[in-house]
Amino acid sequence: MADTNPIEYFICGGFGGICTVLVGHPLDTIKVRLQTMPTPKPGEKPLYTGTWDCIKKTVKAEGPKGLYKGMVAPLVGVAPIFSISFFGYGVGKKLFGPKDGSQLIWWQYFCAGAFSGIFTTSIMSPGERIKSLLQIQGGSSKKMYDGPLDCVIKLYKTGGIRSIYLGSLATMMRDVPASGMYFMTYETLRNILTANGTREITVPETMLAGGAAGIANWVIGMPADVVKSRLQTAPEGTYKNGIREVFTHLIKTEGVSALYRGFIPVLLRAFPANAACFVGFELCRKFINFVKHR
């Protein structure tokens, strides 16, 4: 993708992000519900015994639309989020890449990707906060939030702008290393599959590289994501010391394995969602190149 400039990254990344949400949101809902379900008391059964149990109970109580709960917030915000992420990556490639314009190596791809993670936190964090709060609402008639706008208003009334941006540091701790791994994996596989860019990548190859990038992203980012979800969905004032208190309480009460709670739906979602993202990206890039050279 050496011929792609940061502005084109911005446009194509936004289109790829929309594809990601449409494909991956249902399993993202399951992931958040598994991550944030209450710890069962001694002798008490957990709310969900696993991924499939969570899916069945969600659909039974709320219908299939329950799997898409909270999708408006990421769908509205995802285009700018992915646009900024891919734009940041395009800028990062120029900052960390060879000055002679030659092909980057693995650590340069990683640094460029990690740089992109910094770009997205300002809009990713409030979007994740709203999405997670809406996702954990069950099918009962007594709901705290009627939708994204109502959620923003109530959060602001409760704790001001700081409440809306709760979990920003945790989001950055997740996204910086995970984005580095994400773009590095995709670019490395893309170079292998296309003989270092000597031919265009096919749709199946894009799906393979994009899906693998998604899995690599979450292997690195999952622990910070669990901490973020706990922090962002806890009642106001629960964790006064922020990330450190969430992490300490989680390890003490549930053990290290809790850092990968919800990992199965993440893996099930990561491959198709990110395959869709990069297919959307590559198709948009080809369209732009077609228009440029007409």
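Leu34 is found in helix α1, where helices (H or I, at least four residues) are DSSP runs numbered from the N terminus. The model is predicted: local features require pLDDT of at least 70, side-chain atom pairs count only at pLDDT 80 or more, and totals for chains, interfaces and linings use all residues. Residues are numbered from 1 along each chain as its sequence is written, and side-chain values use heavy atoms, with hydrogens and water left out.

**Residues of helix α1**

- Leu34 counts as buried at 6% relative accessibility; buried means under 20% relative accessible area, exposed over 50%, and partly exposed in between (1.4 Å probe, protein chains only).
- Leaving out residues up to four places away in sequence, Leu34 touches Tyr48, Gly50, Thr51, Cys54, Arg261, Gly262 and Pro265, contact being defined as heavy atoms within 4.5 Å.
- The C-alpha atoms of Leu34 and Gly237 are separated by 22 Å, and these residues stand 203 residues apart along the chain.
- Thr29 also lies in helix α1, and Thr29 counts as buried because its relative accessibility is 0%.
- Beyond its neighbours within four places in sequence, Thr29 is in contact with Gly66, Leu67, Lys69 and Gln135.

**Packing of α1 with α9**

- Helix α1 (residues 6-36) and helix α9 (residues 263-292) have axes that come within 7 Å and cross at roughly 165 degrees; axes are lines fitted to C-alpha atoms, for helices over the stretch in contact, and angles run from 0 to 180 degrees between N-to-C directions.
- That crossing angle makes α1 roughly antiparallel to α9, since angles under 35 degrees count as roughly parallel, over 145 as roughly antiparallel, 65 to 115 as roughly perpendicular and the rest as oblique.
- The crossing of α1 and α9 is right-handed: a crossing is right-handed if the near helix is turned clockwise from the far one by less than a right angle, and left-handed if anticlockwise.
- Residues in the contact of α1 with α9 divide into 19 nonpolar, seven polar and six charged; Ala, Val, Leu, Ile, Met, Phe, Trp, Tyr, Cys and Pro count as nonpolar, Asp, Glu, Lys and Arg as charged, and the others, Gly among them, as polar.

**Packing of α1 with α3**

- The axes of α1 and helix α3 (residues 72-96) come within 7 Å, crossing at roughly 140 degrees.
- The two helices α1 and α3 are therefore oblique to each other, and α1 passes α3 in a right-handed crossing.
- The contact of α1 with α3 comprises 17 nonpolar, seven polar and two charged residues.

**Packing of α6 with α9**

- Helix α6 (residues 168-193) packs with α9 at an angle of about 65 degrees, the axes being 13 Å apart.
- This crossing of α6 past α9 is right-handed.
- On the α6 side, Tyr182, Tyr186 and Arg190 meet Asn274, Cys277, Phe278, Glu282 and Arg285 in α9.
- By class, four nonpolar, one polar and three charged residues make up the contact of α6 with α9.

**Salt bridges**

- The structure holds 20 salt bridges, each a side-chain nitrogen of Lys or Arg within 4 Å of a carboxyl oxygen of Asp or Glu.
- Side chains of opposite charge can pair when their charged atoms come close.
- A salt bridge joins the side chains of Asp175 and Arg174 (2.7 Å, N to O), and both Asp175 and Arg174 are buried.
- Glu205 and Arg199 meet through their side chains in a salt bridge (2.6 Å, N to O); Glu205 is buried, with a relative accessible area of 16%, whereas Arg199 is partly exposed, with a relative accessible area of 39%.
- Arg285 forms a salt bridge with Glu282, with the closest N and O atoms 3.0 Å apart.
- Because Arg285 and Glu282 are three residues apart in helix α9, about one helical turn separates them; both Arg285 and Glu282 are buried.
- One network, joined by salt bridges that share partners, contains Asp28, Lys31, Glu128, Lys131, Arg174, Asp175, Asp225 and Lys228.

**Backbone phi values**

- Most residues other than glycine have a negative phi.
- Ala195, although not a glycine, has a positive phi of about 50 degrees.
- Ala195 lies in the loop between α6 and α7 (203-233), and Ala195 counts as partly exposed at 45% relative accessibility.
- Asn196, a residue other than glycine, has a positive phi near 60 degrees, and its place is in the loop between α6 and α7.
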